[in-house]
Amino acid sequence: MESLSCLVLKPSPPTRLFFPPRIPQMALPGSTFVFTSSMDYQLPITTAKLALKPIRASTSTVPTTPLTTSTVTSSPTAASTKKALVPIGFGTEEMEAVILVDVLRRAGAEVTVASVEPQLEVQASGGTKLVADTRISTCSDRVFDLVALPGGMPGSARLRDCEILKKITSKQAEEKRLYGGISTAPAVTLLPWGLLKRKRTTCHPAFFDRLPTFWAVKSNIQVSGELTTSQGPGTSFLFALALVEQLFGESVAREIGELLFMHSADDKPRKEEFNKVDWAVSHTPRVLVPVANGSEEIEIVTIVDILRRAKVDVVVASVEKSVKILASQGVKIIADKLIGDATGSIYDLIILPGGVAGTGRLQKSRILKKLLKEQDVAGRILGAVCSSPTVLHKHGLLKEKKATAHPSAITELSNPVDGPKVVIDGKLITSMGLATVSDFALAIVSKFFGHARARSVAEGLVFEYPRS
């Protein structure tokens with residue numbers, strides 16, 4: 001039996017972060033930016049455009065084959081393959097963990113997701129169940145190019161109390177290899193380990209006062225030598241892309257950002273609505289999210305996390321024979337139930353995530369097809385992101401409704417709207433997918449509960465959201 005030197009305690013329930021107004025998030029990048037591996041720089045918080053201020057030019061980067069699709073297509077040589085460790089524990093923030101893993105794998109990194117718990121299955125802070133690749137004890141003698149810590153509570157405390165992870169990360173810092181943390185991880189995990197000394201650091205605004213005053217920086221992302229820190233779920237794409245930049249270079253980071261639709265604020269409108277109708281209900285909204293092998297993990301986790309933060313009752317149902325699915329970038333997720341067991345309930349909204357392989361499997365599910373048609377006949381709401389609007393189209397559920405989708409799928413729609421990140425037409429909501437799903441999920445929150453609730457959720461995420 002493997003020996004575990006992590007402190008094993010019965011965990012308390014995960015804590016979600018809901019906070020007063022905070023520093024706005026920077027617009028996600030579509031533009032070029034350059035990181036320096038040995039000097040400090042930060043993203044300023046006073047401009048709507050992505051802008052880094054490096055003190056000196058970047059060091060040489062590892063060349064990789066250009067990426068051409070939304071999945072990993074780079075083919076780095078064995079010598080240039082970069083290895084990354086992403087540890088998770090009970091109460092880890094799922095958006096931060098999954099976005100990190102997804103983006104790093106798209107860039108060509110070999111990512112190991114390691115549990116600091118005795119078991120591989122870990123319940124994240126929003127209730128999503130993730131399955132790690134291995135236990136942290138198997139990583140103690142391995143060398144990583146990057147150790148990146150997601151936040152979340154009590155997830156950051158669980159990471160902090162893992163002696164093996166502490167030794168791995170401390171050695172990483174001593175040997176001048178890349179390491180970092182997001183949200184609560186800098187203040188709750190890295191600070192007690194003594195790994196923030198003489199490093200300019202940022203973290204979630206609610207934990208900012210825990211950082212050493214002189215070295216604390218109010219920015220969405222901060223790079224100080226080998227250390228990279230960031231603020232929260234809403235800055236996870238920026239955090240992951242900063243790490244990709246340092247591992248693989250500017251061109252790869254830029255291309256990944258484009259593939260994920262990490263555009264600047266002026267590129268596309270946030271949303272457009274047609275045939276406006278009221279979505280408000282007199283009960284807690286109930287939402288079904290069907291998933292399959294090959295579904296896009298960023299979309300599943302972001303939608304579920306944000307809706308649950310808004311107090312929506314979300315059920316994740318697998319169309320496979322098992323509740324455990326393998327998502328498009330290799331993240332293992334455990335659904336709440338099988339799709340057959342979800343048929344006995346009425347849902348105010350059914351949302352289909354994307355992912356090319358996953359979309360195909362969702363389309364083939366007879367049980368899901370029946371649920372979708374019943375939803376349409378009853379006049380209830382349907383939602384789809386990325387490539388999955390094509391499922392609704394092929395089942396005859398879009399009719400003449402306006403919709404958007406991933407650029408590779410939008411031409412299959414009968415009445416496409418190319419431009420907005422999110423399109424609402426009556427009781428249909430669609431999105432381009434990937435990095436636009438935060439806007440998609442917050443648009444749903446706004447339709448169910450009003451703008452104030454959506455803005456409150458966005459603040460907890462550290463995600464820029466309109467004031468009105």
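Predicted model: local features only at pLDDT ≥ 70, side-chain atom pairs only at ≥ 80, totals over all residues.

Residues are numbered from 1 along each chain as its sequence is written, and side-chain values use heavy atoms, with hydrogens and water left out.

**Strand β7**

Strands here are DSSP runs (E, at least two residues), helices likewise (H or I, at least four), numbered from the N terminus. I looked at β7, residues 146-149: Leu146 and Ala148 point one way, Val147 and Leu149 the other, and all are buried (under 20% relative accessible area, 1.4 Å probe, protein chains only). Next I checked its pairing, which takes at least two DSSP bridges between two strands. I found β2 (residues 83-88) parallel to β7 over two bridges. With β8 (residues 178-182), β7 also runs parallel, joined by four bridges; there Leu149 has Gly181 as its partner.

**Helices α7 and α11**

How do the axes of α7 and α11 cross? I read roughly 30°, with the axes of α7 (residues 297-309) and α11 (residues 437-449) coming within 9 Å; axes are lines fitted to C-alpha atoms over the stretch in contact, and angles run from 0 to 180 degrees between N-to-C directions. So α7 is roughly parallel to α11 (angles under 35 degrees). I listed the contact residues (heavy atoms within 4.5 Å), among them Ile303 and Ile306 of α7 and Phe440 and Ile444 of α11.

Methods:
Buried < 20%, exposed > 50% of the residue type's maximum accessible area, 1.4 Å probe, protein only. Parallel < 35°, antiparallel > 145°, perpendicular 65-115°, else oblique.
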